[in-house]
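Here are my notes for anyone opening this one for the first time. Have the model on screen and follow along point by point.

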Amino acid sequence: MMIKVTYDLAEGFRVKGHAEYAEKGNDIVCAGVTACIYTSLFNLQRAVGEGNVKFINKKDETIVHVVTTTTSSLRIIESFVEFIERMQKQYPSNVTIKGGK
């Protein structure tokens, strides 16, 4: 299994799966992606307001959806995408990302 990220710059992102780079509690890939998700979420909430960001966190899936798009929210999502793309380059067996717009 691996972490699969999909995104739309104007709407947000979805993260599914597990990195399985190491045992639970010691997985630096999973920890890095999780930290990026929450940093992006908090920055989006600050940029557009909590009511304009929908956050769904299930066992194997996290969704961050931006209801109101702004220049700031686009930059935050672009930063999230750039981080995940760098993770994918460093850990290609554990992370994949697809998206656009």
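1. Which helix and strands each supply at least two residues of the lining of the largest pocket? They are strand E2 (12–16), helix H1 (28–48), strand E3 (53–57) and strand E4 (61–66). Helices (H or I, at least four residues) and strands (E, at least two) are DSSP runs, numbered from the N terminus. H1 gives the most to this lining, with six residues.

2. Some housekeeping. This is a predicted model, where local features need pLDDT of at least 70 and side-chain atom pairs count only at pLDDT 80 or more, while totals for chains, interfaces and linings use all residues. Residues are numbered from 1 along each chain as its sequence is written, and side-chain values use heavy atoms, with hydrogens and water left out.

3. Back to the largest pocket: its volume is about 440 Å³. Of its 26 lining residues, Gly17, His18, Cys30, Thr34 and Lys59 are the closest to the centre. A pocket here is an open set of points on a 1 Å grid over the protein atoms alone, where a 1.4 Å probe fits, with protein on both sides within 12 Å along at least five of seven lines; lining residues have an atom within 4 Å of a point. Grid points are joined across faces, edges and corners, and the volume is the space filled by probe spheres set on them.

4. What is the lining made of, by residue class? It divides into 10 nonpolar, seven polar and nine charged residues. Ala, Val, Leu, Ile, Met, Phe, Trp, Tyr, Cys and Pro count as nonpolar, Asp, Glu, Lys and Arg as charged, and the others, Gly among them, as polar.

5. Now the rings. Those of Phe, Tyr and Trp (its six-membered ring) pair if their centres lie within 6.5 Å; planes under 30 degrees apart count as stacked, over 60 as edge-to-face and the rest as tilted. The count comes to four aromatic pairs. One of them is Tyr21 with Tyr91, edge-to-face at 5.1 Å centre to centre and 80 degrees between the planes. This pair links distant parts of the chain, 70 residues apart: Tyr21 is in the loop between E2 and H1, Tyr91 in the loop between H2 and E5. Tyr91 counts as buried at 14% relative accessibility, and Tyr21 as partly exposed at 42% (buried is under 20% relative accessible area, exposed over 50%, partly exposed in between, with a 1.4 Å probe and protein chains only).

6. Tyr38 and Phe55 also pair: their ring centres are 5.7 Å apart and their planes at 65 degrees, so the pair is edge-to-face. Tyr38 sits in helix H1 and Phe55 in strand E3, 17 residues apart. With Phe42, these two form one aromatic cluster.

7. Is Asn94 buried or exposed? Asn94 is buried, because its relative accessible area is 10%. Asn94 lies in the loop between helix H2 (71–90) and strand E5 (95–100). Leaving aside neighbours within four places in sequence, Asn94 is in contact (heavy atoms within 4.5 Å) with Met2, Ile3, Ala19, Glu20, Tyr21 and Val29.

8. Last, the largest nonpolar core, which has 26 residues. Such a core is a set of buried Ala, Val, Leu, Ile, Met, Phe, Trp, Tyr and Cys residues joined through side-chain atoms within 4.5 Å. Ile3, Phe13, Val15, Leu44 and Phe80 have the most contacts inside it. H1 gives the most to this core, with seven residues.
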